[in-house]
Amino acid sequence: MNEHTGLSNQFYDVIVVGAGPAGSYASCQLASSGYRVAVLEQKSAPGLDVCCTGIISTECFDSFDINPEVISNRANSAKFFSPSGKCLRLQTEKIQACIVDRPSFDQAIARKAQTEGASYFFSSRVITVTVKRDRVQIEALCHKSKEIFAARAAILADGFKSGLSQHLALGKINHFLTGAQVEMEARGIDEVEIYFGQQIAPGSFAWLVPISPDKVLAGLLATSQAKLHLQKFLLSLSPQNRIISQNTEIKQKAIPLQTLPRTYGDRILVIGDAAGQVKPSTAGGIYFGHIGAAIAAEVLSESLSSDDLTTGKLSGYQKAWKAKIGKEISLDYRARCVYSKLGDHQIERVFNILDSDGITETLLNSPSFSFDWHSKLLMTALKYRLAHPWRKARHILPWEANL
């Protein structure tokens, strides 16, 4: 991918910090509207060393409008395993998800932004962001040399725990999970497998995601020691002889479960993981980050046009994205908190209930079923439970008291 160099002395309309899917999509939208955009990315290319399964809905993938050659696999079914190993297989008629190769996916979005005119600076780690009266000034270490960039406004799409948002007094996200993942050679794994159990993945779940006939992504989310729990999980799979060898080292990533208190300031907007635009239920951030990026580009374009980049004007960004996904994130978060308090025996009983009386089929065929939007499905499940004879088991999932 081409890299623009020697352009740090230019004055841009917008500087985007981070070349992940959200950052590059916002850059593409703004550049296509005629604004001068610079993207600063600390890695040498987009998508390197990413800890992500790359599972997104077909709707989400289509909205990026990039070549489908970045798709490694597609899925319309999955197997869910209880702590004891009980398997619950769910399948829909339509393809629900695409499994994208993250490096190729990120690079495709970045290329599209470059085609629209965005300038990319790789191996450029942002050190400080300073908001001045008439500009945003950014100091970055570019190929070990300090450079000063300036623009009318900036978008922070630099991921969770970068520290830039906190430095700008926008607040801090305290609740997060840690994800760990590794690529492995495998046999006989032809659909997504999800494993539940507090001993397997405390507070969350583990997964095996096929990316080719002989390769899988094995990973999990946990409240702590994710790498150690993943190593134990992989050891538990060894007797099955489906895992052949480990191709790469285990990667780790912190994933926010709540949103940043403030995602805007004078001449500043925050999007993606940095803003906490992540599904707490699955820890997936591509789709919600994409929504945040689209709204940020729209709000910032209008603000640039009117030359009003004040906090008051840009506050409309947070109102807009929270109206779109705020309730979803909040309900998902509360549902996750309920799940994290369940013991393995309770999780086992939930599996037994879901496996009886056609409950899963009812939920899958419900108009509320969506790969991306979980709150309606959660509420449908709650209503179904209250109306069904197994409401006697309400103590297993005390949702009413927590949702």
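Modeller: Gladly, and let us start with a term: a disulfide is a pair of cysteine sulfur atoms within 2.5 Å. This is a predicted model, where local features need pLDDT of at least 70, side-chain atom pairs count only at pLDDT 80 or more, and totals for chains, interfaces and linings use all residues. Residues are numbered from 1 along each chain as its sequence is written, and side-chain values use heavy atoms, leaving out hydrogens and water.

Biologist: How many disulfides does a search of the whole structure find?
Modeller: A disulfide is a covalent bond between the sulfur atoms of two cysteines. Cysteine 28 is buried at 5% relative accessibility, and cysteine 142 is buried at 10%. Here buried means under 20% relative accessible area, exposed over 50%, and partly exposed in between, with a 1.4 Å probe and protein chains only. For the whole structure, the number of disulfides found is zero.

Biologist: Thanks! What share of the residues of the protein chain counts as buried?
Modeller: The protein chain holds eleven helices and 19 strands; these are DSSP runs numbered from the N terminus, helices being H or I with at least four residues and strands E with at least two. Out of 403 residues in the protein chain, the buried share is 53%.

Biologist: Which strand gives the most to the lining of the second largest pocket?
Modeller: A pocket is found on a 1 Å grid over the protein atoms alone, as an open set of points where a 1.4 Å probe fits, with protein on both sides within 12 Å along at least five of seven lines; lining residues have an atom within 4 Å of a point. The second largest pocket has 18 lining residues, with Val50, Pro103, Glu183, Leu217 and Lys251 nearest its centre. At least two lining residues each come from helix H3 (102–115) and strand E12 (176–186). The top contributor, with three residues, is E12.

Biologist: Is aspartate 65 buried or exposed?
Modeller: Most residues other than glycine have a negative phi. Aspartate 65, not a glycine, has a positive phi of about 55 degrees, and sits in the loop between helix H2 (58–64) and strand E4 (71–75). With a relative accessible area of 55%, aspartate 65 is exposed.

Biologist: And where does serine 123 lie?
Modeller: Serine 123 is not a glycine either, yet its phi is positive, about 50 degrees. At 22% relative accessibility, serine 123 is partly exposed. Its place is the loop between strand E8 (119–121) and strand E9 (124–131).
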